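Hi,

Here's the structure I promised to pass on to you. Could you open it next to this email and click along as you read?

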Amino acid sequence: MVTVLLFGQSLKDVVGASELQFEITEGTTLKSLIDAHPDPLEGLMLFLAKSEVLVTVNRKVAVIDSPIRDGDTIKLTHQTNPIFDGARWHNP
């Protein structure tokens, strides 16, 4: 079983919860988990496609194709302007 934690009101609204749990099989990725559970997770794909979600698996930054295993905690955080660690984008 994996736990999916959602942070940001937009993600919580599209999924309808702030925490979900799913049974998984070996060789699962976040993408395959979403594909296997379109209701309630399909709404996340719009945010993921626009790179508006920071994905972590067990506190490590991950991507949608990262493998997930039984017992993992997946954290999805909505980021409308993904600037990390105080870095700023400057025009030359």
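This is a predicted model: local features need pLDDT of at least 70, side-chain atom pairs count only at pLDDT 80 or more; totals for chains, interfaces and linings use all residues.

**The whole chain**

How many helices and strands does the protein chain have? The count is 4 helices and 7 strands. If you walk along the sequence, they come in the pattern β-α-β-β-α-α-α-β-β-β-β. The chain has 92 residues, and 35% of them count as buried. Among contacts with a separation of 6 or more, 52% are between residues 24 or more positions apart.

As for confidence, the mean pLDDT is 86, and 87% of the residues reach 70 or more. For residues 85-92, though, the pLDDT is below 50, and beyond near neighbours in sequence that stretch has 3 contacts in the model.

**The sheet**

Now for the strands. Strands of a sheet pair through backbone hydrogen bonds, either parallel or antiparallel. Here, 5 strands make up an open sheet, in the order E2-E1-E7-E4-E5, and the pairing is mixed. Which strands stand at the edges? Strand E2 (19-22) and E5 do; each has a single partner strand, so one side of each has no neighbour in the sheet. From one strand to the next, the twist averages 25 degrees.

You can follow the pairings across the sheet one by one:

- E1 and E2 run antiparallel and are joined by 4 bridges, with Thr 3 opposite Gln 21 in E2.
- Strand E1 (residues 2-7) also pairs with E7, this time in the parallel sense, over 5 bridges; Leu 5 stands opposite Lys 75 in E7.
- E7 pairs with E4 in the antiparallel sense, over 5 bridges, and Val 55 is opposite Leu 76 in E7.

E1 is mostly covered, with 5 of its 6 residues buried. Strand E7 (residues 73-78) has Ile 74, Leu 76 and His 78 on a covered face, while Thr 73, Lys 75 and Thr 77 are on an uncovered one.

A polar atom of the Ser 66 side chain lies 2.9 Å from the backbone nitrogen of Val 63. Leaving out residues up to four places away in sequence, Ser 66 touches Thr 28, Thr 29 and Leu 30.

Next, Ala 36, which belongs to helix H2 (residues 30-36). Exposed means over 50%, so Ala 36, at 52% relative accessibility, counts as exposed. Ala 36 and Ile 24 are 12 residues apart in sequence, and their C-alpha atoms are 9.5 Å apart in space.

Finally, have a look at two backbone angles:

- Ser 51 is in the loop between helix H4 (44-49) and strand E4 (53-57). Its phi is near 55 degrees, a positive value in a residue other than glycine.
- Arg 59 is in the loop between E4 and strand E5 (60-62). Phi is positive for Arg 59 too, near 70 degrees, and this residue is again not a glycine. At 82% relative accessibility, Arg 59 counts as exposed.

Cheers

Key:
Residues are numbered from 1 along each chain as its sequence is written. Side-chain values use heavy atoms; hydrogens and water are left out. Buried means under 20% relative accessible area, exposed over 50%, partly exposed in between (1.4 Å probe, protein chains only). A polar contact is a pair of N or O atoms within 3.5 Å; within protein, one must be able to donate a hydrogen and the other to accept it, and residues adjacent in sequence count only if both atoms are side-chain atoms. Contact means heavy atoms within 4.5 Å. Two strands pair if DSSP finds at least two bridges between them. Axes are lines fitted to C-alpha atoms, for helices over the stretch in contact, and angles run from 0 to 180 degrees between N-to-C directions. pLDDT is the predictor's confidence in each residue, from 0 to 100.
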